[in-house]
Amino acid sequence: MPIPRKVIVIGSGPAGYTAAIYAARANLSPLMFIGTQWGGQLMLTTMVENYPGFVDGIMGPELMEIFRKQAERFDTEIIGEDVTAVDLSRRPFRVTAAGQTYEALSVIIATGASSKLLGLESEKKLMGRGVSTCATCDGFFFKDKNIMVVGGGDSAMEEALYLARLGRKVEVVHRRDTLRASKIMQERGFKNPKIEFIWNSTVEDVLDVSKGVVTGVRLRNLKTGGVTERLVDGLFIAIGHQPNTQLFKGQLELLPNEYIKVVPGTTQTSVPGVFAAGDVQDHTYRQAVTAAGTGCMAALEAERYLEAHA
Ligand code: NAP
């Protein structure tokens, strides 16, 4: 096996790329696994207006392209494969992708988080046939159609606002009677004439599996127990995210909500030499800029760790 790498970075959102940029500039020659679907959640978004440095905003995929070019400029070695296994039980650590195993003296995990689903059988069966978790990917298919969005956070508002530009009508179904979304996003949602809200309700079933396409939903009102059916052509699930920690279960300490546990104020995981950055360890802020910030922290902490354990 070739000599172990100083740093392997797993994941390619703002946290992964920032970690690679800092590690590369510190002469740590990082090897980065960006996955077969690189770029993380910003690849699935439209205009990013709150990432500092872009006065007029920037499209999510364009921002990630810039991150990638900057990491490549400093000679980060990039592999476009998904990591399938890790062994963090001994040093050098082992990372396997596409059937090949690589060794590293330190690992930075930046695998992010993925969209949560409602857990209905019909939702699974109709995924890609009217059910979606990404308005910017699939909204185009619902031009002038009736659309429903599930959720009450910023993601739900963002999806609803985007879809309102395309659809005939957008109904937002939320399980409570107040939104979790930030005030500015709430105001935009309430002001939009195409968006309507259905409060205190959950989706009980997605129709119609027998037709192989979404024709409507069955809703339950949690206050009255009443069940109603509504005709919709598209159902967008925007109820938050699940951290991508499957690979690390049993090897790193996780929080009860399955995010990676780090020493507060650092990116240090329960295994010395393994660092976690971005949404995979952040269930509070989950912003591109905080992910980038912790990516920087992880690279600096890996550098210090390697100096101390040369
Ligand atoms: P979130 O803030 O956790 O909101 C999830 C929403 O889905 C909540 O309203 C929650 O209801 C609801 N929900 C969760 N599980 C559900 C279930 N099984 N059935 C029905 N409803 C369910 O997640 P998010 O909206 O993805 O936002 C995550 C973070 O990213 C936040 O910090 C947010 O500010 C940020 N973000 C920002 C922007 C932006 O600024 N443009 C855009 C997207 C995301 P409850 O309210 O009852 O818990």
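Predicted model: local features only at pLDDT ≥ 70, side-chain atom pairs only at ≥ 80, totals over all residues.
## Ground rules

Residues are numbered from 1 along each chain as its sequence is written, and side-chain values use heavy atoms, with hydrogens and water left out.

## Two domains

Let's start with the big picture. The domain assignment gives domain 1 (8-114 + 241-308) and domain 2 (117-237); bounds like these come from an automatic or database domain assignment. Their C-alpha centres are 31 Å apart.

How many residues of domain 1 are in contact with domain 2? Five of them touch seven residues of domain 2, where contact means heavy atoms within 4.5 Å. About 440 Å² is buried between the two domains, and carbon and sulfur atoms give 49% of that. Buried area here is the accessible area (1.4 Å probe) that two parts lose on being put together, summed over both.

## The salt bridge between the domains

A salt bridge is a side-chain nitrogen of Lys or Arg within 4 Å of a carboxyl oxygen of Asp or Glu. By that rule the model has 13 salt bridges, and the count between domain 1 and domain 2 is one.

Meet Glu49 and Arg188: their side chains form a salt bridge, at 3.7 Å from N to O. This pair links distant parts of the chain, 139 residues apart, with Glu49 in the loop between strand E3 (47-48) and strand E4 (58-59), and Arg188 in helix H6 (residues 183-191). Those labels are DSSP runs numbered from the N terminus: helices (H or I) have at least four residues and strands (E) at least two.

Glu49 counts as exposed at 55%, and Arg188 is partly exposed at 36%.

Arg230 pairs up with Glu171 in another salt bridge, with the closest N and O atoms 2.8 Å apart. Here too, distant parts of the chain are linked: Arg230 is in strand E16 (residues 227-231) and Glu171 in strand E12 (residues 169-173), 59 residues apart. Arg230 is partly exposed, at 31%, but Glu171 is buried, at 3%.

Arg90 is partly exposed at 43%, and Asp87 is partly exposed at 21%.

## Helix H2 and its two sides

Helix H2 (residues 60-73) has 14 residues and spans 20 Å from its first C-alpha to its last, close to the 20 Å expected at 1.5 Å a residue. That expected span is 1.5 Å times one less than the number of residues.

Which residues of H2 are buried? They are Gly60, Leu63, Met64, Phe67 and Ala71. These residues lie on the same side of H2, because they cover an arc of only 95° around the axis; the arc is that of the directions from the helix axis to the C-beta atoms. An α-helix has 3.6 residues a turn, so residues three or four places apart point the same way.

The buried residues of H2 pack against helix H1 (14-25), E3 and E4. On the other side of H2, Lys69 and Arg73 are exposed. Just after H2, Asp75 takes a positive phi of about 65°.

Definitions and conventions:
Buried < 20%, exposed > 50% of the residue type's maximum accessible area, 1.4 Å probe, protein only.
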